[in-house]
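Here is a guided walk through the model shown below. Keep the viewer open as you read, and pick out each piece as it comes up.

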Amino acid sequence: MIRLPSRFGAWFAGRGWKPFAFQREVWNAYAGGRSGLLHATTGSGKTYAVWFAPLIDALRAGAASSSCRPYTVLWITPMRALAADTARALAQPIAELGLDWTVALRTGDTSSTERARQRRKPPDALVTTPESLSLMLSQADAAERLCNVRLIVVDEWHELIGSKRGVQTQLAIARIARWSPALRVWGLSATIGNLDQARAALLGSRVEGSVHVQGQMPKRVVVDTVFPMTQDRFPWAGHLGMSMVEPVAREIEQASTTLVFTNVRSQAELWYQALLEARPQWAGLIALHHGSLDRKLRDWVELGLKEGRLKAVVCTSSLDLGVDFLPVERVIQIGSPKGIARLLQRAGRSGHAPGRMSRISCVPTHSFELIEAAAARIAAGERRIEARVPPEQPVDVLVQHLVTIALGGGFAPDALYDEVRTTYAYRDLPRATFDWALDFVTRGGALAAYPEYQRVVADDQGVYRVPDRAIARRHRMSIGTITADSAMQVRFMSGGRIGTVEESFISRLKPGQAFLFGGRLLALKRVREMTAYVERAKAGTAAVPRWQGSRSPLSTELAQGVVDLLGRAHRGDLAEPELAAVAGLLELQQRWSIVPAADELLVETTDTREGHHLFCFPFAGRLVHTGLASLFGYRASRRLPNTFSVAVTDYGFELLSAMKVDWQQAFEHDLLTDQALEADLLASLNAGELARRQFREIARVSGLVFTGFPGQPKRARELQASAGLLHDVFDQHDPDNLLLAQARAEVMRDELDIVRLRATLARMRSQRLRMIATRRATPFSFPLLAARIREKVSTEKVGERIARMVAELERAAQRPD
Amino acid sequence: MTPPAATIAIAGERLQLLPQRAVYWPAQRMLLIADAHFGKAARFRMHGVPVPGGTTESNLQVIDSLLECCAVERLLFLGDFTHGRLDADSATLKRLARWRAAHGELSVELVIGNHDRSSGALPEALAIATRTEPYDIGPFSLCHHPEVRGGGYVLAGHLHPVVKLYGRGHDRARAPCFVFGQHAALLPAFGAFTGGLNIERQADDRIWVIAGDSVLALPR
């Protein structure tokens, strides 16, 4: 047990605090040279638990001179937006403790003057993001600068673990560990279902001897439901949503400050408008906060929250993380929370004032979400929380890393291979895969021809470097774009910045057309370079931007909860109030079709002017349904070429085709078989273009597409090709390219969740098939019928498909009006 | 079975729209190709973007197959024959020169496009005569840019036209197309490593889409 230096004791005493047991546990472990993972919720003293460890260490070691401490601590935070708050939180106790440590900030927003200052006078602790850290690793003198790092803290590790940014973080840690053998690594994580794996993924080969520290147990969390005033029998996404505005406004009235979470930014825009219309007197008292809004606007909103000036803020995941706002009393979740971990995380944003508890209220936007709300409440009570699975061996990140390290002082392949394998993601990396990646950055490939190509070149000593300065510059510029989609600035004609919106949205607008953004009605004036210039618009119908990245599926835990509840309803048990509230819907469903028991698989068929519909309800989340729909479409049309359009929800999927299919026979035959599952899925996907779409991210990460930057020279523009086009060229001329294989594997794992899909298929085989032909859409199938986002599965050749479409148009043209 | 090419009448002439993304003009025994963008993949590779080789080869194979079946005497590129400067010792240029040598009797011309302009003069070994737009032959003005006006009906490229199609059951697809407007026609981009731009149909446009290995008229 280490003794706390007296000034730390005094610091705690001065606040009337005592160090928590878990904080001491971290300090002891750190002093003993150990790494670890601290499991704690926000606002529980977790920051001081890890931050004080190196400070105590420094004092005890008597390391008073500041000359030997540059970059002692690297503090990695997943969001740029959190970095400034974190840096402030770290700097604050330093002065109070009478220490002379310096804390600096380095993110994509950091100016070149500040970066130069840091170079002249390196800070003792640096708060940064995974991307900015990678960028530092790409500097030629990275080793000299970062050889003193004693501690790397990865804040909110649960946010990074499941993504390629998490892998980027793992690789950076492996790199720095090589220069600084005394390095300790600590992760901070909220509750997820696989904390042990989270620690392993963070620490890689250093996991041996590391510790798991349990922080303060979260206080009691209340989960409840806001009930609609009337019942809708046709649950249509977004429809019932707005009728909930009045009940939500009343809930907001009852609390001092409320955070209103929505799942997507477009919904946040709509709700902000609707609440203002419902309560015009709230102008100036309620605000909007999402990731596309300009930093200044968001800062203003966050300050308002801290100071308790705001009655409510409508927000998205942009406020999931970060420092706590004491005044927040209530949290409202609009629409499905999708998962228990997220629900609890959001609930935890409320009730930080003394004597309060966290409370989150689910607001169903359609009738089904009432059932989901009940399922969420029950699962949260039982603390059934989702796992976040770390990626395995992503080749694109490895390719990027090879170029980064070639820039950052160069590498010898054998040593780098060993280093990379100390990470969790690449612990089992075959040498052949490493060599392929090396080939890909040096000569393109061993099998296909890449004449005149080179990115990385071995010098006389066998050290791999990047000789071309333009390539180096482009690589550094694109390190940060691992997640970024081409975002356009939105600015007033008069100059003020409002935020960013995806280019694909702006490209669909015509000049003069109105759209809702940042809580304002705007009209597009003109687009120049990567900026959309706008003016305030007069009232009228407006488009609402649909930002990407908002399609997370219902978790297995939550989906199972829904199935259980429907099973209860099937038995006539409507004891849960949410079930009682949808009694009308369930009764109609029973009359027109059935409410399936837990051991029944419901399939409905119906015909409309659009074609022949199949609706299937496995309740397995939208990813699995996308895969199943693709598989069904493929298997059903193997003998007779056909094209299906697909709609999915978290409850089921629809296959719509112009030609009729004998589904009964297909189910009896091979629709549900496990045999050749992956092969069939891949075949259906090759036709279905999912892999081609998945290639977008891979192409960006591995440096195939260069998104460019404002004011770029013409030569850079000349190097732009769409990821889809590149995918096709690879597919034709280098089909064995591992990046293509990765696209397929990622689709399997991330897009279709093959593990869950296989389990779902097994469950479906064990269920009793209830195939019911309905005369019209039922309450269950209506949301699918109304879904606007559709995929497509085809076994027809492209030419045949286009010929058929042309023929359809021909017939339509010949019909009298 | 639909015939692979669509034969159309325009400006008093007959033209064959080929699914290989080219136009054949039988009266002149002329093959028209827009936006081949030779050397584009190589240019990417030179700048450190690994795009596999083989696109030049497949482009030339397609041209050869058309020369064989269409009795072509004149081959005319409607601009953007090159994507960027072809260095003297580049593999692309060597391959193009070998191809040209094998077709010594063929007349090859190029209407200069925007990419050709920044690529500089073509090496003499290619024996390609360059023209500036509008290059008038018979009732046609052969151009790269569709907005250029000459003495005749304009045949041009530059835009890489692609049309979006919608079928029953929310079926959607994109296909390269030929667009014949009031004053000008657009050819699809020929190159194997070229993207496409969705075009908006004007009221009096006639459009032919490339559906695999056939060309189909798109109903209005």
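## Strand 11 of chain A and its partners

In this predicted model, strand 10 (residues 286-289) of chain A runs parallel to strand 11 of chain A, and four bridges join them. Helices (H or I, at least four residues) and strands (E, at least two) are DSSP runs, numbered from the N terminus, and two strands pair if DSSP finds at least two bridges between them. Within this pair, Ile286(A) has Ala312(A) as its bridge partner.

Which residues of strand 11 (residues 312-315) of chain A are buried on each face? Ala312(A) and Val314(A) are buried on one side, and Val313(A) and Cys315(A) on the other. A residue is buried if 20 or more other C-beta atoms lie within 10 Å of its own, exposed if 12 or fewer, and partly exposed in between, with C-beta atoms placed from the backbone.

## Nonpolar cores

A nonpolar core is a set of buried Ala, Val, Leu, Ile, Met, Phe, Trp, Tyr and Cys residues joined through C-beta atoms within 7 Å. The largest one has 212 residues, and Ile152(A) and Val313(A) have the most contacts inside it. Leaving aside neighbours within four places in sequence, Val313(A) is in contact with Leu259(A), Val260(A), Ile286(A), Ala287(A), His289(A), Val301(A) and Leu305(A); two residues are in contact if their C-beta atoms, placed from the backbone, lie within 7 Å. Another core, of 57 residues, lies apart from the largest one, with Val111(B), Val163(B), Val179(B) and Ala189(B) among its members.

## Chain A as a whole

Chain A holds 34 helices and 26 strands. Of its 817 residues, 49% are buried. Take the contacts in chain A between residues at least 6 apart in sequence: 76% of them join residues at least 24 apart.

Helix 2 (residues 21-31) of chain A has Phe22(A), Gln23(A), Glu25(A), Val26(A), Trp27(A), Ala29(A) and Tyr30(A) buried. Their cover includes strand 1 (36-39), helix 3 (46-60), strand 6 (184-189) and strand 7 (211-214) of chain A. After helix 2 of chain A comes Gly33(A), with a positive phi near 80°.

Leu558(A) sits in helix 22 (residues 556-570) of chain A. Why does Leu558(A) count as buried? Because it has 27 C-beta neighbours inside 10 Å. Not counting residues up to four places away in sequence, Leu558(A) touches Lys338(A), Gly339(A), Ile340(A), Glu372(A), Ala375(A), Ala376(A) and Ala379(A). Leu588(A) is 30 residues from Leu558(A) along the chain, and their C-alpha atoms are separated by 24 Å.

## A hairpin in chain A

Strand 21 of chain A and strand 22 of chain A form a hairpin, with two residues between them. Strand 21 of chain A runs antiparallel to strand 22 (residues 611-617) of chain A, joined by seven bridges, and Glu604(A) has Phe615(A) as its bridge partner. Strand 21 (residues 600-608) of chain A is also joined by six bridges to strand 25 (residues 768-773) of chain A, in parallel; here Arg770(A) is the bridge partner of Leu602(A).

## The sheet of chain B

Chain B has an open sheet of seven strands in the order 1-2-3-4-5-6-7, with mixed pairing. Strand 1 (6-10) and strand 7 (129-131) of chain B are the edge strands, each pairing on one side only. Strand 4 (residues 30-33) and strand 5 (residues 74-77) of chain B run parallel, joined by four bridges, and Ile33(B) has Phe77(B) as its bridge partner.

## Where the chains meet

The contact draws 40 residues from chain B and 47 residues from chain A. Helix 1 of chain B gives the most to its side, with six residues.

## Conventions

Residues are numbered from 1 along each chain as its sequence is written, while chains are lettered from A and ligands numbered from 1 in the order in which they are written. As this is a predicted model, local features need pLDDT of at least 70 and side-chain atom pairs count only at pLDDT 80 or more, whereas totals for chains, interfaces and linings use all residues.
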